[in-house]
Amino acid sequence: MSFNNLDQLYRQVIMDHYKNPRNKGAIEDGSVTVDMNNPTCGDRIHLTMKVEDGLVTDAKFDGEGCSISMASASMMTQAIKGKNMDDALKLSQAFSEMMLGNDYPDDLDLDDIEALQGVAKFPARIKCATLSWKAMEKGLQSEK
Amino acid sequence: MNAKELKKYFPILDQEVNGHPLVYLDSAATSQKPVQVIEALNDYYRLSNSNVHRGVHTLGNRATDLYEGARDKVRKFINAASTKEIVFVRGTTTALNLVAQSYGRANVKEGDEIVITLMEHHSNIIPWQQLAKATGATLKYVPLQEDGTLSLEDVRKTVTPNTKIVSVMMVSNVLGTINPIADITKIAHENGAVMVVDAAQAAPHMKVDVQQLDCDFLAFSGHKMCGPTGIGVLYGKQHLLEDMEPVEFGGEMIDFVDLYDSTWKELPWKFEGGTPIIAGAVGLGAAIDFLTEIGMDAIEQHEHKLAAYAMDTVTEIPGISVFGPKRGKDRASVVTFNLEDVHPHDVATVLDADGIAVRAGHHCAQTLMKWCQVSATARASFYLYNTEEDIDRLAASLLKTKEYFSDVF
């Protein structure tokens, strides 16, 4: 298939998170709830997180959107679980830099998230990738 | 008319995008501009730029003649009785807000009703929501038939003697539905309401005759009909506009100014506060000349054929669902669709990689998206420069999209 540049966007691991989202759903007794949408395209996310003693002990998301926004949400919840709030927010900062095509700290364990690097080359899709991260930031900032 | 020949007038279409010749299928968002319009703007700034309605000097007169000449072109284009009925505004949104804020605030009170439909664009919803909230009036929606059309029976049921304003889009930017405006206007008038028409998706594509429609207000944008951005038109019946107060106050719209009171210029200038959108109006005039020379009937026929061809070609792709009136029904050249399992953003990104520009999202019609039971859709919209080959390219690329996503999964 002659879509080579697209392969940078739609990496296998992204499609796997899209098809088999991790942490899909809502935490019944979640202490932090954030609803966010992208008014220009209709993507929306409902994020619930459990924060105990400054530690994100659980995170789940619900919502609808494209492969990039949903895969990103799945990866984000996976990455922040078990992290303290500061580290989660640091990760979010690194993710923003990645989306802008900038350098980001290399001492962070980004794991699957690195697959989203290619999004930086598709400016129209950056907002899709950052939606869930913005929701997480908002939730944790209000919790601090 | 020959679309392939007409395409040559649009320099922007002659380029490659991501290594493929551009196929522009997003004219419902904004149309491309022919050289005639680009040159009119260029000439205006090179030769005639000056402020209007004040200069004794030659350039001032020239700019005024061009600006007012454009107003007369608009008048003829929609067959209004007088240029007093043609107000230049920024676009359809501004025009509808002007009606809501001026006519609406003066004539709608608590207990009255404003009637719109479930298919409206946000620009024909929010001004009325705000008016209803400010006055205590009730906002009512005419429901849609299963195929995305309106039934006059439903209009009759929704519009009552308490209704003061009925506002309906002439052509849907999502469903492609063409609404029976003249019939709806009759129902509005029988109940003593004024009829407002959002013609943003109609004026570029078909003959719009305000006297034949008998509507009271009609709004459209220049940029969707080969003209520049930032210029639009509010048509209003003279006797209604006469009684309306301006919503913007300042220079250009005044007659006499005293310390504590002022009087307004006559129509249409009392609604055009500040230095007007002169170059925009000149560009719109050039666009109208261009469209008129081709002929609105020819454009409508061409697009009718394209719409039918697109419906035939696109609906044949397995897994495609198309919204709005079905194949064979009269519809405008807008095809909104979803490809099973593939989100519209992903569809649009893959098509873009093939050089094809379509819109993905809610198309400024969130209430309609809810009715369609989706959060977003993809939309291909056509204009006079599109050809059947463009639609073949779309169909081929959609098949590739489907394949690509079944490959990567």
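Chain B is assigned domain 1 (3-32 + 295-408) and domain 2 (37-292), with bounds that come from an automatic or database domain assignment. This is a predicted model, in which local features need pLDDT of at least 70 and side-chain atom pairs pLDDT 80 or more, while totals for chains, interfaces and linings use all residues. Residues are numbered from 1 along each chain as its sequence is written, and chains are lettered from A and ligands numbered from 1 in the order in which they are written.

Me: What makes residues of domain 1 and domain 2 of chain B count as in contact?
Reply: Two residues are in contact if their C-beta atoms, placed from the backbone, lie within 7 Å. The contact takes 27 residues from domain 1 of chain B and 27 residues from domain 2 of chain B.

Me: How are the residues on the side of domain 1 of chain B that touches domain 2 of chain B divided?
Reply: Ala, Val, Leu, Ile, Met, Phe, Trp, Tyr, Cys and Pro count as nonpolar, Asp, Glu, Lys and Arg as charged, and the others, Gly among them, as polar. On that side of domain 1 of chain B, 13 are nonpolar, seven polar and seven charged.

Me: Which residues are in contact with B:Phe217, leaving aside its neighbours within four places in sequence?
Reply: They are B:Val99, B:Val194, B:Val196, B:Val197, B:Leu234, B:Tyr235 and B:Gly236. B:Phe217 is also among the residues with the most contacts inside the largest nonpolar core.

Note on methods:
A nonpolar core is a set of buried Ala, Val, Leu, Ile, Met, Phe, Trp, Tyr and Cys residues joined through C-beta atoms within 7 Å. A residue is buried if 20 or more other C-beta atoms lie within 10 Å of its own, exposed if 12 or fewer, and partly exposed in between; C-beta atoms are placed from the backbone.
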